[in-house]
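Please look over the sequence and the structure shown here, and then read the briefing that follows, which is grouped by topic.

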Amino acid sequence: IRSIFLFDTSSLTSGATISATILSLLGTGKTDTDNKSPNIDIYTTTPVSNTSLSAGDYAQFGTTSQTGSPIAYADWSTTGYNVFTFDATGIGNISKTGISTFGTRNANYDVAGVESEMTTSNGLAEFSCRYSDYIWGSNKPKLVVTFSLPPAQAGFLFLMI
């Protein structure tokens, strides 16, 4: 299972210098019926649209971690926010003038290309969280970007008479 999250980060403007980024997802559940110990991490995505998702978007995930540190199954909170701190790669993939698109993938099987046969008839491994369209409207995914802007340049006006 993969998920896509889109954030309008256009208000940063092209002159912004980003020093830190954190993506937080409120966990609502997790399942690992075959004790496979999956983990979860953040990756870039390139969905066809910024307003709706399609089945083809499933294949539009990058393979480079944006954090360098997946969250282990045992550490996934089902009652609070799970915090992904971006590394330099992730910070570099924040759009300063448009939509930043990221998604979750399992790192140790999905991204690594390792097949894991389920040993029970109901074999399942998944993480779940709240999405922006969640019916109650609270505890949505959060992207916090710490940035600075260059100091305003002194303006000069020259008049020729």
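The structure holds two salt bridges, a salt bridge being a side-chain nitrogen of Lys or Arg within 4 Å of a carboxyl oxygen of Asp or Glu. Salt bridges that share partners join Arg2, Arg105 and Asp110 into one network. This is a predicted model, in which local features need pLDDT of at least 70 and side-chain atom pairs count only at pLDDT 80 or more, whereas totals for chains, interfaces and linings use all residues. Residues are numbered from 1 along each chain as its sequence is written, and side-chain values use heavy atoms, with hydrogens and water left out.

**Salt bridges**

- Arg2 pairs with Asp110, and the closest N and O atoms of the two are 2.9 Å apart.
- This pair links distant parts of the chain, since Arg2 lies in the segment before S1 and Asp110 lies in helix H2 (residues 107-111), 108 residues apart; helices (H or I, at least four residues) and strands (E, at least two) are DSSP runs, numbered from the N terminus.
- Asp110 also meets Arg105 in a salt bridge, at 3.0 Å from N to O.
- Arg105 is buried, with a relative accessible area of 7%, whereas Asp110, at 27% relative accessibility, counts as partly exposed; buried means under 20% relative accessible area, exposed over 50%, and partly exposed in between (1.4 Å probe, protein chains only).

**Strands and sheet**

- An open sheet of four strands has the order S1-S6-S3-S4, with antiparallel pairing, where two strands pair if DSSP finds at least two bridges between them.
- S1 and S4 stand at the edges of this sheet, each with a single partner strand, so one side of each is left without a neighbour in the sheet.
- S3 and strand S6 (residues 99-105) run antiparallel and are joined by four bridges, and Thr44 stands opposite Phe102 in S6.
- S2 and S5 also run antiparallel, joined by five bridges, and Leu23 stands opposite Phe84 in S5.
- Strand S5 (residues 81-85) has a covered face, made up of Asn82 and Phe84, and an uncovered one with Tyr81, Val83 and Thr85.

**Nonpolar core**

- The largest nonpolar core has 21 residues, of which Leu23, Leu25, Trp76, Phe84, Phe86, Ile94 and Leu143 touch the most other members; such a core is a set of buried Ala, Val, Leu, Ile, Met, Phe, Trp, Tyr and Cys residues joined through side-chain atoms within 4.5 Å.
- Strands S1 (3-8), S2 (17-32), S3 (39-44), S7 (125-129) and S8 (142-148) each supply at least two residues of this core, and the largest share, three residues, comes from S2.
- Not counting residues up to four places away in sequence, the contacts of Trp76 include Leu25, Ile40, Ile71, Phe84 and Phe127, contact meaning heavy atoms within 4.5 Å.

**Gln60 in its loop**

- Gln60 is placed in the loop between S3 and strand S4 (71-72), and at 33% relative accessibility Gln60 counts as partly exposed.
- Leaving aside neighbours within four places in sequence, Gln60 is in contact with Thr44, Thr45, Thr46 and Pro47.
- The C-alpha atoms of Gln60 and Gly103 are separated by 9.6 Å, although the two residues are 43 residues apart along the chain.

**Confidence of the prediction**

- The protein chain averages a pLDDT of 88, and 88% of the residues score at least 70; pLDDT is the predictor's confidence in each residue, from 0 to 100.
- Among the elements of the protein chain, helix H1 (residues 88-92) has the highest mean pLDDT (98) and S7 the lowest (86).
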